[in-house]
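Please read these notes alongside the model.

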Amino acid sequence: MAPRLDFTSEAFFRDPPKAIATLRMSGPVVAVRFPLVGHVWITTTHEATAQVLKDGTNFTLRKEDGDVAGLRWWMPNYVKTIANNMLTMDEPDHTRLRSIVDEAFRRRAIVAMEPRIRAIADGLADELFSAGSPADLVQRYARILPLAVISELLGLPLADRPRFIAWANTMSSLTNVASFFRLLFAFRKMRAYLERQLQIARVRGGEGLIAELVQVEREGGQITPDEMVSMVFLLLAAGSETTTHLISGSVYELLRNPSVRDWLAQDWSRLGLAAEEFLRFVSPVQFSKPRYVRRDIELAGVRLKEGDRVMVMLAAANMDPAMHDHPDSLDLAREPNRHMSFGTGIHFCLGHQLARIEAACALEALFVRWPKLGFAVDVSQIHWRKRPGLRAIANLPVVPDGHGAAGSMMVHSQPAAC
């Protein structure tokens, strides 16, 4: 029997390696009750996680009738529209839609955006304490940067960014049934807004990925109007939410590990390796979406039955000692780094390149501008949102001249090897 574990508890989010090690002792695939999903199998190893993600025949995101795993009959149609996106599609629909957005992305070179992303990060770093000290790094920096980048990439109006921030905060607050119903209201407003923006692009054209998607649509791309809405929603939400928590989680680790921060600041060319380790160690996206088991099958020695549901635990794959030496230690020079934070298989994260660039730009801009940045409170007073599946710091109060000494060094972390 797997241990009873609360995937929304403070203890779990504060020290995932400890909880994951306990889970793994029960086996590579364990049965749990997951919030809002119910009874489901989860993977606890890199190998089992990769097998599920790469096998789209035996583990599918939809039933034979096309229903999405996790959607309920009572949910409004606008929720089903938004949920009907690439992340919830199997073949051949996934490839059909992925090819459309890949074509739009090819017309917008992501690497070429790095100077602009760094400029946005520099500006936000300069303004971090403009409203006073302490400042909440989540709301004043980590959330705004990826939202600014993705909205600019999509071609959405600058004046609309406050509403994006409000929607993003609502999505991060999803912890239970009550918060889910609050989220429904936000979804309805988001859908209406995105439909208007798509219609404007169809009539007037414009700059950005939305205009590029409309152009691909005009050129014969096989995509329905509802699929266009869900595509833009996915790009806006997925393109900002997870990177927000990657940035804030990375800053959190650096502030409580001053020697690691100093090592990184000595040579910012180390950021490439460091970003990979933050992706592994912070693991903001901890679980995949549920998948259906399409036939009786053995997964890592465990018999699963047709109709069962399975979720891969990306955070557990990232902490697998079979893949990483001392996986519960933060090592910014770790090489090779075989993390699974972007998944694998056909659903490998479309925005992986953008997330890496944003995280690197965010960290360098922040610590170059504020080299003595520190916690404004004891580390024990920093908490995580109780949203299952997403490791998201709720608030991260910082001061410009702190020394990171409040509750400083973490038990499992060590300075990066150099």
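**Notes on the fold**

1. Contact means heavy atoms within 4.5 Å.

2. The model is predicted: local features need pLDDT of at least 70, side-chain atom pairs count only at pLDDT 80 or more, and totals for chains, interfaces and linings use all residues. Numbering runs from 1 along each chain as its sequence is written, and side-chain values use heavy atoms, with hydrogens and water left out.

3. H17 spans residues 352–369, 18 residues in total. First to last C-alpha is 26 Å, close to the 26 Å expected at 1.5 Å a residue (1.5 Å times one less than the number of residues). Its buried residues include Leu354, Glu358, Cys361 and Phe367.

4. The chain has 17 helices and 10 strands (DSSP runs: H or I, at least four residues; E, at least two). Of its 418 residues, 56% are buried. Among contacts with a separation of 6 or more, 75% join residues 24 or more positions apart.

5. The whole structure holds 3 cavities of 30 Å³ or more (on a 1 Å grid over the protein atoms alone, points where a 1.4 Å probe fits but cannot get out; lining residues have an atom within 4 Å of a point). Of its 15 lining residues, Pro16, Pro17, Phe281, Met319 and Arg391 are the closest to the centre. H2 gives the most to this lining, with 3 residues.

Definitions and conventions: On a 1 Å grid over the protein atoms alone, a cavity is a set of points where a 1.4 Å probe fits but cannot get out, and a pocket is an open set with protein on both sides within 12 Å along at least five of seven lines; lining residues have an atom within 4 Å of a point. Grid points are joined across faces, edges and corners, and a volume is the space filled by probe spheres set on the points. Buried means under 20% relative accessible area, exposed over 50%, partly exposed in between (1.4 Å probe, protein chains only).
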